Structures are given as C-alpha cells and as structure tokens.
Amino acid sequence: MKPKTDDFTPNLPRCRQFYEQYGAAMIEEHFFRYASSIAVGLAGEGSDCFGFDDPISADHDYGIGFCMWLPEPVYREIGQRLQEEYDHLLSKNFETKPSSRLLDQRRGVNTIGGFYQRILGYQLPEDMEKNETFALSPRLWLTLPEENLAAAVNGAVFRDDEGLFSRIRQTLLNYYPPEIHRLRLADQLHHFSQNGQYNYSRMMARRDLFTARLCIMQASKSAMAVVYLLNHRYAPYCKWMRKGLDSLPVLNEIGRLLDEAAAAPPQWEAWESISYTSANINHKDRVCEIMEQIASMILTELQRQGFIKKVSHTFADSYCQEIADGAKSDKNCK
C-alpha cells in the first residue's frame, strides 16, 4: 500500500515545537538552577535528524521527543531525575509513548561526552569541558567514518546557554583540516575511477554483468562521496547519500546522471564485436559515457577549487597523486 503523504510533517520541527511548548517549561519548573547547563536539541541517528524523513520512516525508531546534553558533573547530580521528568512529559502528552529501545537511547538525557562517544565511537578527553578548544588528531580525522561525523552535526540545537555542546559541534562543522580533505578526495576519486572508468569496461568485455553492475554501484557511491567533499559536507549513511545530493550547491546535477546509470539496461549490444583495450573508451556503452561525463565534471570542479592545476584528459585516477601531494604542502603551510 502506498503511504499517505498529504498529512505528513517532518519530525524535526514537530520535536522543536514539543520542546518549546512543554519541554522548556518542564526544565524551568523542576531544574531552574541547572537550566543554563542543559543543552537541548535533536541530533544523531535517524532520518528525521537529517530532515530526510517521510511516511515510511515512521515504521520504526521514530517519534516526537528531544535530546538533553549535560556536562558530566551536572549529569551526576540531576541526570536520573531529569530523565524521569522527561519520560513523564512524554507519557502525559501522548496516549502511547512514541518510543522504542533504540529511540530511548537516541533521545532524552545524556552527557555531552556520552553523545559524541556514541556517535563517533571515540572517547573524548576527560578535561574536554574545561578546555577552550577541542581538536581531533590527524589520525582520527582519517579514520572516523564520515557517516558518523554527519550524524554528529546534523539536526538542530534548540538551546545551549553555556555552549559546551556547541563548541564540539562547531569544531566538527568546521570540516576536515586541508591535508585530510585532500587525502580523502584522492582516495574517493581513485575508487570512482577504478570502478567506473576501468573495471566496469573490463567486466562488460568479459560478459560478467553482475560484477559490472557492482562496479557501477561502487563507482556511484564514490562519485557521491567526492561531491560531498567538494561541498565541504560530511556524507551521510549510504541510504541517504543520493537524497542529500540534491540539496548540495556544487555538482548536484551528477545525481541525475547516477540515476540514469543505475536504471540503464545491460549494454550488451555495445560490446558486440569489440576488441577490448583499456586505452579506448567504448562510447557505444551509455554507462561508460555517463562515467566519463561525471569524471569530466568532477575534474573541472577540482581544477576550479585549486586541487589540480590542469585537466588534460578525463581518466580521473591519474590526478589522485597530484591531489594527495598537495596535502603535504597544506601541512607545511601550517
């Protein structure tokens, strides 16, 4: 059955309204002395935190609520009582509590460090709340999954008087250091080119359709990752990468080309009587043409943003070393 869409409202504004109508008063009434230390918002896992929710999203781990992030000392004093008042607020305003085990973990009361540790999988420094600056090491910037970083900075902060939660959030929003940015670009561009411009054609020449399709899907994911990197945005979990592409200001039109490649029928006729050579592009194969078009668009943007000096051909993999080498210059300039 097709889900109804006429009365669907995205959950993030509903959660903000619920906090403003009921949550803010609960905090002021029961925890006035601590109110300035309680950061409130909605962020983390879940399609609604990205603004990507739809009627299908409501079938699991979905419902009205909000997050409260506390410094560790404040959490030890009032964390349990605050959670009890939050649970009471939900039960008082809904006949059925909009909850599940996972949703309980994602909403309600948590420490600031606990939230970021859960999302990033990284233990924050114990004195993090006392420091004026918060920084990640180059190794962590390279190893943290990008989808985790995307979940750490999505959604919205409704209130944060002391700014402790937002300070960490802003550091992550400031994006990768330049040298890490270049290395990630080079890596994703390599995977796009190897799968979309090289391995796909080899598999079609071998009549191995399954692996050829797999190569295109992997190339498509890497192409999207490059687009996010060129927009200075963290790419979300793969389920939402394509949807998020449409809202990016740079190269969002690549999404339509990827849609066409995904829907293209097997290009068998294009490979009849073809003597394969890696030096030649099979322009009869529409998928090959799409990959070349995407490569050209990406390379043009890489040149515009100063990651490469000149585009002389469209085989993207051959530019990766130039991009990666620039990371050394970025590091030396610091």
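User: What makes H5 lie across strands, and at about what angle to E3 does H5 run?

Analyst: This is a predicted model. H5 lies across E2 and E3. Contact here requires heavy atoms within 4.5 Å. H5 runs at about 90 degrees to E3.

User: Which strands does H8 lie across?

Analyst: H8 lies across E1 (39–42), E2 and E4. Its angle to E4 is about 160 degrees.

User: How do you know that E2 and E3 pair?

Analyst: Pairing needs at least two bridges. E2 (residues 67–70) and E3 share four bridges, in the parallel sense. So they count as paired. In one of these details, Leu-70 has Thr-111 of E3 as its bridge partner.

User: Why are E3 and E4 called edge strands?

Analyst: The open sheet has the order E3-E2-E1-E4, with mixed pairing. E3 (108–111) and E4 (156–159) each pair on one side only. Neighbouring strands are turned by 35 degrees against each other on average, direction ignored.

User: What lines the largest pocket?

Analyst: Its lining has 22 residues, with Glu-45, Gly-46, Tyr-237, Lys-239 and Trp-240 nearest the centre. A lining residue has an atom within 4 Å of a pocket point. The volume is about 510 Å³. H2 (47–50), H5 (112–120), H7 (146–152) and H11 (238–245) each supply at least two lining residues. By class, the lining has seven nonpolar, six polar and nine charged residues.

User: What classes make up the lining of the second largest pocket?

Analyst: That lining has 13 nonpolar, six polar and one charged residues. Phe-50, Ala-150, Asn-154, Arg-233 and Tyr-234 lie nearest the centre of the second largest pocket. Its volume is about 390 Å³.

Key:
Residues are numbered from 1 along each chain as its sequence is written. This is a predicted model: local features need pLDDT of at least 70, side-chain atom pairs count only at pLDDT 80 or more; totals for chains, interfaces and linings use all residues. Side-chain values use heavy atoms; hydrogens and water are left out. On a 1 Å grid over the protein atoms alone, a cavity is a set of points where a 1.4 Å probe fits but cannot get out, and a pocket is an open set with protein on both sides within 12 Å along at least five of seven lines; lining residues have an atom within 4 Å of a point. Grid points are joined across faces, edges and corners, and a volume is the space filled by probe spheres set on the points. Ala, Val, Leu, Ile, Met, Phe, Trp, Tyr, Cys and Pro count as nonpolar, Asp, Glu, Lys and Arg as charged, and the others, Gly among them, as polar. Axes are lines fitted to C-alpha atoms, for helices over the stretch in contact, and angles run from 0 to 180 degrees between N-to-C directions.
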